[in-house]
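Here's a quick briefing to read with the model open beside you.

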Amino acid sequence: MMLSKGLKRKREEEEEEKEALAVDAWWLDPSHPAVAQAPPAVASSSLFDLSVLKLRHSLRQSEPDLRHLVLVVNTLRRIQASMAPAAALPPVPSPPAAPGVADPLLASSDAALSASMASLLEDLSHIEGLSQAPQPLADEGPPGRPTGGAPPGLGALDLLGPATGCLLDDGLEGLFEDIDTSMYDSELWAPASEGLKPGPEGGPGKEEAPELDEAELDYLMDVLVGTQALERPPGLGR
Amino acid sequence: MEEDIDTRKINNSFLRDHSYATEADIISTVEFNHTGELLATGDKGGRVVIFQREQESKNQVHRRGEYNVYSTFQSHEPEFDYLKSLEIEEKINKIRWLPQQNAAYFLLSTNDKTVKLWKVSERDKRPEGYNLKDEEGRLRDPATITTLRVPVLRPMDLMVEATPRRVFANAHTYHINSISVNSDYETYMSADDLRINLWNFEITNQSFNIVDIKPANMEELTEVITAAEFHPHHCNTFVYSSSKGTIRLCDMRASALCDRHTKFFEEPEDPSNRSFFSEIISSISDVKFSHSGRYIMTRDYLTVKVWDLNMENRPMETYQVHDYLRSKLCSLYENDCIFDKFECVWNGSDSVIMTGSYNNFFRMFDRNTKRDVTLEASRENSKPRAILKPRKVCVGGKRRKDEISVDSLDFSKKILHTAWHPSENIIAVAATNNLYIFQDKVN
């Protein structure tokens, strides 16, 4: 895959990318022939722009439609692959683009492509809060998400709990002690494991065993001791 | 298949006298119950409307049982998740009926995050003659009571009430796209973009996670779950489809976590049809087992495919729904229509399959005769009891009279949700905020 991961877009490249986009804006002109009939390289470029727009729009939603997002990203990957077939983009690309690409437009686009893809995908992982490397949350969070006031080192906290992308992860409990989360508390259902999942990652998922209340403990003791036959436990099946 | 169809329309929003479509009235799911006596619809406003078929009377043989409104209730309300600062839509994504086991009816309805079990029951008697209350319901002073009487049950006008019996919440981080009742009638599953959970109807505060395709690093996400369904007879077997056009069949006996499939269905890509949009149009929007349990049917953007459970490498049958759109994929990508999720249904005998399209068209394919038909659900083109006329889309060249050209199709009129009566030729078609019910003509 020719995508770059974890690459922050630098300021200089942002200007470059804007330039590349401006040049390709002709596709918006309705008098031009249908995109499908245009030469592949140019068509890809305009499709790329359209896809980038869609991706950005999707990421700006407070809760992006994951299916839409994934399909657009995958389509972007295809377009990127077709736009630079000759240029050997290294697995960890570094701008500027690989030397030897004749077309100056494409050359500047490659760097912009990689950089913008990287930053957009970074946005995605920000949404899920799963970024393994600690990232300051202050930048580029989509509107609607509480980015201000987030404590530093949030990335590190994510590594404590299992990666569920849910703000109800155990690791965050300490941060929100003063907030009443009683509606999310449920002894028998631990958000960390989202149910009894006996997968290989038994460690983090099982760190909070379901708490039994006294009545159930008594009942279980009776069953074990044999004074009571096993029957439907109280409290369930209301 | 020359089916003479008698038409009878029921406007979903009959309670309001609107001539324009309010967004809350947009129907988002349609489902017959197991006997076909009831038909449920869910809409974007979180409401469920249930229609009941009239008992056929001997005097009016020509009037086959028609569907009338039986019950209406608000299933889901808009919610606000304060921790994430998100509004949770009340739109009903799916309704699934439970088989009837007593006088009451039970159904599951779900929005993006929460599944609810509803009980719909009738009340046609009420007690009269209370001792402590008078006729208007006011409490009586016990000191004034000198005699006691036993309240008697008297008939009253039929009242249908819907009560929520279970609420299954807080188990899905992502948006729920499917629910499916197991053939054991004790469990059901709910599927979101990345996970599938198994529930017991009696237990609302825990569920088992049986499928999890979430990558450790979200940057590696390339595929999501799009639909899931239990096998109609084997309570250990289920299938789920993906955005990459694959179907996985899983056996819950093999392991507790069904991340590894038992069978993997995928058709190799046709190199001649390859385009930037190949993956998007291969994304499966619906998967349904046949009533027999021997086949599965999948719907992707342009086709419906029937798969034999014993053949994983390619479908048994492929039906083109609207192949004339293949050259328009770029525009459809631009206006997002390429992401529309169409459903598909089997008829009771698994011999005919049906799915929707644009311009309020829907298509039926007869698997035996290989004939297909395009019909339209619209008020302008059909009067009550008129026979539906087959429609035809003109692809190029000379357009005949009554044909419609591809460029004239209205892409805002999409038929995403349809349902087929379990044993008779009665179909329900949802066209935006209108519900159409068609049945075979009786001679």
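Predicted model: local features only at pLDDT ≥ 70, side-chain atom pairs only at ≥ 80, totals over all residues.

**Ground rules**
- Residues are numbered from 1 along each chain as its sequence is written, while chains are lettered from A and ligands numbered from 1 in the order in which they are written.
- Local features need pLDDT of at least 70 and side-chain atom pairs count only at pLDDT 80 or more, whereas totals for chains, interfaces and linings use all residues; side-chain values use heavy atoms, with hydrogens and water left out.

- You'll find Arg299(B) in strand S21 of chain B, residues 295–299 (strands are DSSP runs of E, at least two residues, and helices are runs of H or I, at least four, numbered from the N terminus).
- Arg299(B) is buried but has no salt bridge, and the nearest side chain of opposite charge, Asp300(B), is 5.5 Å away.
- Buried means under 20% relative accessible area, exposed over 50%, and partly exposed in between, using a 1.4 Å probe and protein chains only.
- A salt bridge needs a side-chain nitrogen of Lys or Arg within 4 Å of a carboxyl oxygen of Asp or Glu; on charge, Lys and Arg count as positive, Asp and Glu as negative, and His and the chain ends are not counted.
- The side chain of Arg299(B) does make a polar contact with the side chain of Thr355(B), at 2.7 Å (N or O atoms within 3.5 Å, one able to donate a hydrogen and the other to accept it within protein; residues adjacent in sequence count only if both atoms are side-chain atoms).

- S20(B) and S21(B) run antiparallel, joined by 4 bridges; strands pair if DSSP finds at least two bridges between them.
- The two form a hairpin with 5 residues between them, and Gly293(B) in the turn has a positive phi of about 85 degrees.
- Val287(B) stands opposite Thr298(B) in S21(B).
- Both faces of S20(B) are covered, with Asp286(B) and Lys288(B) buried on one side and Val287(B) and Phe289(B) buried on the other.

**Cysteines**
- There are 0 disulfides over all chains (cysteine sulfur atoms within 2.5 Å).
- Cys344(B) is buried at 0% relative accessibility, and its sulfur is too far for a bond because the closest cysteine sulfur, in Cys250(B), is 19 Å away.

**Chain A**
- Chain A has 7 helices and 0 strands.
- Buried residues make up 39% of its 238 residues.
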